[in-house]
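Biologist: Walk me through this model. I will ask what stands behind each label.

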Amino acid sequence: MDMTVKQYLQTFGVSEATQRFLTKHQKMFIAGEWVEASDGQTSDVIEPSTECVLTRIPMGTTADLDRAVQAARAQFDGGAWRQLKPLERERLMHRLADLIEENADELAEIESIDMGKSVSGARAVDLQGTVDTLRYFAGWATKIHGRTVEPSLPGNYLAYTRKEPIGVVGAIVPWNFPLQTMAWKLGAALATGCTVVVKPAELTSLSALRFAELVQQAGIPDGVVNIVTGRGNVVGAAMATHPGIDKLTFTGSTPVGRTVGQAALDDMKRLTLELGGKSPVIVLADADVPAAAQAIANGVFFNSGQVCDAGTRAYVHRSIYDSFLSELIAYTRTLKMAPGLDPDCFISPLVSALQKQRVLDYIEIGKREGAELVYGGQPVQGPGYFVEPTIFAHCRNDMQIVQEEIFGPVLVTAPFDDEEEALALANDSPFGLAAALYSNDLGRVHSLIPRLRAGSVYVNAHGTIDPSMPFGGYKQSGFGKDLGAEQLDYLLETKAVWITLP
Ligand code: NAD
């Protein structure tokens, strides 16, 4: 670990447990064993607030993936895992959730140091979300069953359906909520009796490796959960075509999701794609302007805008547009930009130099396109991949900054005159992950909800997520759902059984 990172950890009094984990030689978790990459390759992990080397992680190979898939297959095809009763699976999942809860402070620190995010946000959102997801799906393990049917055919039959686990699940996860997204994939998979191979994002693999230690400690049989760290175009691409994987669940960008999805359909893998977004927000004339401005700023700047369903396009009724912008700017000014470990940090550094450059490039594009820069957008001095929260006004829908996902702290805004116009602007996007409405006029709100082409609609808030509610996009934001009872359908096959009776 670089000295600068050591000092950073000391300054913020990081726990001994976290320091112990971070100074450890990191290995992957395959078939219950801790292993190096088969060709010994590793990659530096950079800490985003200091831009210095934190540690190294193995860069897995296709041979490593093969081993992980074999281990998962063996457990699925008749290992100890398949022999477990649903209640025993539920108990193991709760034990894992207990261990995560016990180690939540450490895991939040690891997530913050690895990804750059605010440690307080990681504790409240990522860790709480991980525990809640595992507990929610643990409860489902005992409630998965088919139905008996009375056919109208001549003859006498016992006809019933069985819900059976799909098999080996390959899960590819992104870097913005590494642990929580992995839990979204794992919760439903374990509840249904599947086995899993996870490929974390190469930028943020550490929390998955700490999580794997807890999987082992919980007593989940070896091979049920495997973590193969490595590059997307090596391990991830191989997962998409691996014949031993029955279902691929991918969360990431739309371009990569499209490639992965096409490859996965070659052998008809079951598929879930949770992809990018450019979620609209509509503020109606009757909205509580200060409350809407705060909620919208929180919704777009949380995790420095690296949130798939962030409300990045705000359309505001012309009669309140100016007062909305004043409130928005005043509130945004109060959001503290700081290294992730600062307990008051709200605006954390972005995950990497590449991501920072991408966001800065979009800010330049916005200026060139003639959008009015009303807040932020200036380079930030010093170490750390920081980008100021940035607000553009009077944007047009044909601008690149309005149509494309930036994945950083950038909000584009525009006034509208009537609801039809607002609706047309909101739906004019290739994405359809989420949308938000700000109004207390229930009639108006209810008439707009069905007309918004988005997988989630939030009213007078943004990004409320709970394991009991499904999450997933319309249009190019993907297909399939994570979370909620709906997710189970994507991990189960339905078998129709016909028994001819005398
Ligand atoms: P990304 O698409 O670059 O990478 C996602 C994952 O795919 C990583 O693990 C990466 O290693 C892997 N990957 C990269 N190339 C691959 C390939 N050729 N084959 C297989 N796997 C490959 O996305 P990212 O930059 O890590 O994450 C940000 C994106 O994720 C944003 O677009 C965001 O909107 C999206 N996202 C969506 C959701 C959702 O639920 N809809 C949630 C979080 C993030």
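Modeller: Over residues 34–497 the chain is 40% helix and 21% strand, with the end C-alpha atoms 42 Å apart. Helices (H or I, at least four residues) and strands (E, at least two) are DSSP runs, numbered from the N terminus. This is a predicted model: local features need pLDDT of at least 70, side-chain atom pairs pLDDT 80 or more, while totals for chains, interfaces and linings use all residues. Residues count from 1 along each chain as its sequence is written, and side-chain values use heavy atoms, without hydrogens and water.

Biologist: Why is M337 called partly exposed?

Modeller: Buried means under 20% relative accessible area, exposed over 50%, partly exposed in between (1.4 Å probe, protein chains only). M337 has 30% relative accessibility, so it counts as partly exposed. M337 sits in the loop between α13 (321–333) and α14 (353–368).

Biologist: What does M337 touch, leaving out residues up to four places away in sequence?

Modeller: Contact means heavy atoms within 4.5 Å. On that basis M337 touches I347, V380, F386, V387, E388 and P389. M337 and E388 are 51 residues apart in sequence, yet 7.9 Å apart in space, C-alpha to C-alpha.

Biologist: What makes strand β16 mostly covered?

Modeller: Seven of the seven residues in β16 (410–416) are buried. V410, V412, A414 and F416 lie on one side, and L411, T413 and P415 on the other. In a regular strand, side chains alternate between the two faces of the sheet.

Biologist: How do you know that β13 and β16 pair?

Modeller: Two strands pair if DSSP finds at least two bridges between them. β13 (residues 311–317) and β16 have five, in the parallel sense. H317 has F416 as its bridge partner in β16. Strand β15 (residues 390–393) runs parallel to β16, joined by three bridges.
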